[in-house]
Amino acid sequence: MLRPCPMLENPECLRRMVAQSGAVSTDYQSPESAAQLCGKTTPYAARWKETADRLWHSCGCCAGRGKDV
């Protein structure tokens, strides 16, 4: 719930979606692959995951529903 964005918080999801759909960049001046774009956000996503998971699990709203709710 605290990591909804497939580009900023879950770059592996964006990579998978692009690969499955065959999407390509429409920016002809500065084309960038999904891998290049996601490579820029992966470090942020890793840092935010730790914080988001800690916040999510400390709120008590997912008690009894498993760790990865």
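Predicted model: local features only at pLDDT ≥ 70, side-chain atom pairs only at ≥ 80, totals over all residues.
Residues count as partly exposed when their relative accessible area lies between the buried class, under 20%, and the exposed class, over 50%.

View 1. With a relative accessibility of 21%, C13 is classed as partly exposed. For a disulfide, two cysteine sulfur atoms would have to lie within 2.5 Å, and the count of such pairs in this model comes to 0. C13 accordingly takes part in no disulfide, the nearest cysteine sulfur being that of C38, at 9.4 Å.

**View 2. C5 and the cysteine sulfur closest to that of C5, which belongs to C38.** The separation between the sulfur of C5 and that of C38 is 9.4 Å, which is too far for a bond. C5 itself is partly exposed, because its relative accessible area is 24%.

**View 3. Packing of helix α1 against helix α2.** Helix α1, spanning residues 11–21, packs against helix α2, spanning residues 34–58, at an angle of about 165°, and the two axes are 8 Å apart. Since angles over 145 degrees count as roughly antiparallel, α1 and α2 are therefore described as roughly antiparallel to each other. The crossing in which α1 passes α2 is left-handed.

**View 4. Residues in the contact between α1 and α2.** On the side of α1 the contact is made by P11, L14, R15 and V18, while α2 contributes A34, A35, L37, C38, G39, T41, T42 and A45. Sorted by class, the contact of α1 with α2 comprises 8 nonpolar, 3 polar and 1 charged residues.

Definitions and conventions. Residues numbered from 1 in each chain as written. Heavy atoms only, no water. Axes fitted to C-alpha atoms, helices over the stretch in contact; angles between N-to-C directions. Helix = DSSP H or I, 4+ residues; strand = E, 2+ residues; numbered from the N terminus. Parallel < 35°, antiparallel > 145°, perpendicular 65-115°, else oblique. Left-handed = near helix turned anticlockwise from the far one by under 90°. Contact = heavy atoms within 4.5 Å. Nonpolar A, V, L, I, M, F, W, Y, C, P; charged D, E, K, R; others polar. Buried < 20%, exposed > 50% of the residue type's maximum accessible area, 1.4 Å probe, protein only.
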